[in-house]
Amino acid sequence: MSPPALPSSLERALARWLPISHWLRRYTRDDFGGDLIAGIITAILLVPQGMAFALLAGLPPQVGLYASIGPPIVYAALGTSRALAVGPVSVAAIMVAHALHELPPGSDPAAAALMLAALAAGILLLMGLLRLGVVATLISHPVLSGFTSAAALIIIVSQLPSLTGVSMPGNASFEGLPAALLDTVARTPPATAAIGIAGIVFLLMSGAPLERVLAKLGMKGAPLVFISRASPLAVVLLSTLAVSAWSLHVRSGVAVVGTIPAGLPELGFGRLPWNSALALLPAALLISLVSYVESLSIAKTLGNRNRQSIDANQELIAIGGANFAAAVSGGMPVAGGFSRTMVNYNAGARTQVASIVTAALVGLVAAFFAHLLSTVPKAALAAIIVVAVVKLIDLHGALAVWRYDRLDGSVLAITAAAVLLLGIEIGLAIGIAASLGSLVLRMSRPHIAVLGRIAGSEHFRNVKRHRVETWPRLLIMRVDENLTFTNAGRVESAIVSEIAAHPSAKHVILVMSSVSVIDSTAVEAIERLAQSLRPNGLSLHLSDVKGPVMDRLRRSDLLAAIAPGKVFLSVNAAAEELSRDQD
């Protein structure tokens, strides 16, 4: 029997606030087959990766496991992406590490990480309830690209102590980094270096190169994905066996993760350090913003592939709920991870049931097999982190942005340099400010064209680009930007300059086909322009005014100020009527 039908209003409400209720009613056995395989493969990646990202954040490795259990389940219920895999991610982890580094001595890092997750959850949930999904536009692509590339470099450098077994000088400046690196390499214990280098080489070779070799041998489908994506687990298992067999942690000083408490974490808010909430709030705001933008970008990418709609506002609720689950279950701030999501997607995940399978398997490891992970060498986990984040350094993309638009390229470079020189939070804030500044700069310098009509048509084009017909008495100008306080003065000056260059003009037609917004400052500027033209025998007219803009203009004095100027439906209608005026 099919489940009883729900009232349409209740069904719509459930589909909006609990998206799982929509697709789960249509779930099939074939869907479960794909989700089961994808969930297992993703869990194989997530166990070592979760531990590695916890260590990257300066937290005990079990925190990464705990953050991989509850958050994916909550996102599965609330999220609108069917493939996004939620858990610890590298960029959020390094931001957590930076925030924890600023805490006063004696603070509990694990408790502070819970507070960061709780604050991020509160911020995201509040934004979701206020329908502020548009906030994702605050971080433009150049800012995100520059930030992630610089953060990846910081992450790689931060893993050198684990890869080499030698601590970096705490006071090493950015300029002195090469010398510090050479000194660190010279003092690296051979066994630690061997594990780290072997792990990196193995991981690099077991990705796309291994897939191509296996594909040539005839392997395809789930087995191919399983073997090529299981390399992080293989690195952990092989290096752990080597450490245990030869007691490298005792004889050769290879650092290991140490004892991991068995069992699942206790649920609740008991460990949250409320007295540090205010100090952690700025970091939590940036962590939540970056986590949301990163998650939404990945979700939309896969949603476009599968023709699935992604609700930006509901994603705020879902990522916020996932962070809430992390805060009450001993985890750390979480987001949708690119590498993990792509593994999940390529392994055949059809719905969020794959994430639930992954969470269940990670929970089993944390509950019953955590003791087997005590001799995992930190160098192996550092190798996993380095290989995972090196893909975030997108030099090709940066060059493409620079070639396309120097201003966007400058924003990218400013963001990357600020993150490297001034730190994660300050660098990101500077990048966002630079991006907003570039937007204001673009708006303040709009493209303004003098138009003429292409012979035999009703199409008007730039006189500098096309062979067109013009009229001595008409000056037709188009502003290719919204009219706001940022550019009102420049537009006014440009029109006055063109009038001076066309002394026989009697009518000025301002084409507003590209104007979707006109603020009060721009309205006053146009009124002032019209009044200054009238004593000189010139009239100002408007054409191609959009409906919403016209609605606002009717509430102003502009239409009366331009009289006897008119508002024309099209520039061709204006030219036809006004060109007959030869007086």
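1. Helix H25, spanning residues 520–533, lies across strands E6 and E7 and runs at about 140 degrees to E7. The model is a predicted one, and the points below should be read with that in mind.

2. Strands E6 (residues 507–511) and E7 (residues 539–543) run parallel and are joined by 5 bridges. Within this pairing, His507 has Ser539 of E7 as its bridge partner.

3. The sheet as a whole is open and has 6 strands, in the order E4-E3-E5-E6-E7-E8, with mixed pairing. Its edges are E4 (460–462) and E8 (567–568), each of which pairs on one side only. In general, strands of a sheet pair through backbone hydrogen bonds, either parallel or antiparallel.

4. Turning to H17: this helix covers residues 312–328, 17 residues in total. From its first C-alpha to its last, H17 reaches 25 Å, close to the 24 Å expected at 1.5 Å a residue. Of its 17 residues, 16 are buried, so H17 is largely enclosed by the rest of the structure; buried here means under 20% relative accessible area.

5. Both ends of H17 can be described. After the helix comes Gly330, which has a positive phi, near 75 degrees.

Conventions
Residues numbered from 1 in each chain as written. Predicted model: local features only at pLDDT ≥ 70, side-chain atom pairs only at ≥ 80, totals over all residues. Heavy atoms only, no water. Helix = DSSP H or I, 4+ residues; strand = E, 2+ residues; numbered from the N terminus. Expected span 1.5 Å × (residues − 1). Buried < 20%, exposed > 50% of the residue type's maximum accessible area, 1.4 Å probe, protein only. Pairing = 2+ DSSP bridges. Contact = heavy atoms within 4.5 Å. Axes fitted to C-alpha atoms, helices over the stretch in contact; angles between N-to-C directions.
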